[in-house]
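Please keep the sequence and the 3D view open while reading.

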Amino acid sequence: MGASKILVVDDQPINVQLLKRKLEREGMIVASAYSGREALDLVKQDKPDLILLDIMMPEMDGMAATRAIRARAGRKLPIIAMTANAFSDDRAASLAAGMNDHIAKPVDPPQLYRTLLR
């Protein structure tokens with residue numbers, strides 16, 4: 001089995017670069033996008049195994065992007081929300097939009113790896 005392909009989506013380039021480095025050190029193949037709309041295009045082209053998706057982005061936020069991805073790719077593709085909004089209401093909204101899980105930013109590597117393994 002090959003390395004997992006992960007799509008990291010965040011409008012802040014520094015967040016993308018930090019996550020990309022951490023995940024690549026663990027042997028994962030990482031693609032990046034800086035908006036929900038860009039993520040939609042990459043999902044069609046690259047077919048990632050998992051998406052780490054920021055909630056608060058301009059143009060198309062993570063909730064809208066998740067609904068659009070689910071409409072195209074179904075429920076099989078795991079989508080994990082990444083957000084500074086770590087309250088239970090935010091988690092519930094992420095799950096209601098079709099995400100599989102929710103992690104708080106700044107991302108704690110041990111928590112990230114536990115979430116990815118689930």
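Start with helix α2, residues 36-46, where Gly36, Ala39, Leu40, Leu42 and Val43 are buried. Buried here means under 20% relative accessible area, with exposed being over 50% and partly exposed in between, using a 1.4 Å probe and protein chains only. Helices are DSSP runs of H or I with at least four residues, strands are runs of E with at least two, and both are numbered from the N terminus. An α-helix has 3.6 residues a turn, so residues three or four places apart point the same way. The cover over the buried residues of α2 includes β1 (5-9), β2 (29-33), β3 (50-54) and α3 (62-73). After α2 comes Lys47, with a positive phi near 50°.

This is a predicted model, in which local features need pLDDT of at least 70 and side-chain atom pairs count only at pLDDT 80 or more, while totals for chains, interfaces and linings use all residues. Residues are numbered from 1 along each chain as its sequence is written, and side-chain values use heavy atoms, with hydrogens and water left out.

Next, look at β3, one of the elements that cover α2. Five of the five residues of β3 are buried, so the strand is largely enclosed by the rest of the structure. Leu50, Leu52 and Asp54 point one way from β3, and Ile51 and Leu53 point the other way. β3 runs parallel to β1, and four bridges join the two; strands count as paired if DSSP finds at least two bridges between them. Val8 has Leu52 of β3 as its bridge partner.

Strand β4 (residues 79-83) is also joined to β3 by four bridges, and these two strands run parallel. Asp54 has Met82 in β4 as its bridge partner. Five of the five residues of β4 are buried, so β4 is largely enclosed by the rest of the structure. From β4, Ile79, Ala81 and Thr83 point one way, whereas Ile80 and Met82 point the other way.

Which residues does Asp101 touch, not counting residues up to four places away in sequence? Asp101 is in strand β5, and its contacts are Ile79, Ile80, Ala81, Arg91, Leu95, Thr115 and Arg118. Contact means heavy atoms within 4.5 Å. At 8% relative accessibility, Asp101 counts as buried.

Ala97 sits in the loop between α4 (88-96) and β5 (101-104). With 9% relative accessibility, Ala97 counts as buried. Leaving aside neighbours within four places in sequence, Ala97 is in contact with Met63, Thr66 and Arg67. Ala97 and Ser35 are 62 residues apart along the chain, and their C-alpha atoms are separated by 17 Å.

Now step back to the whole chain. The protein has five helices and five strands, and along the sequence they follow the pattern β-α-β-α-β-α-β-α-β-α. The radius of gyration is 13 Å, close to the 13 Å that the globule rule gives for 118 residues, so the protein is as compact as a globular protein of that length. That radius is taken over C-alpha atoms, and the rule is 2.2 Å times the number of residues to the power 0.38. Of the 118 residues, 42% count as buried. Among contacts with a separation of 6 or more, 59% are between residues 24 or more positions apart.
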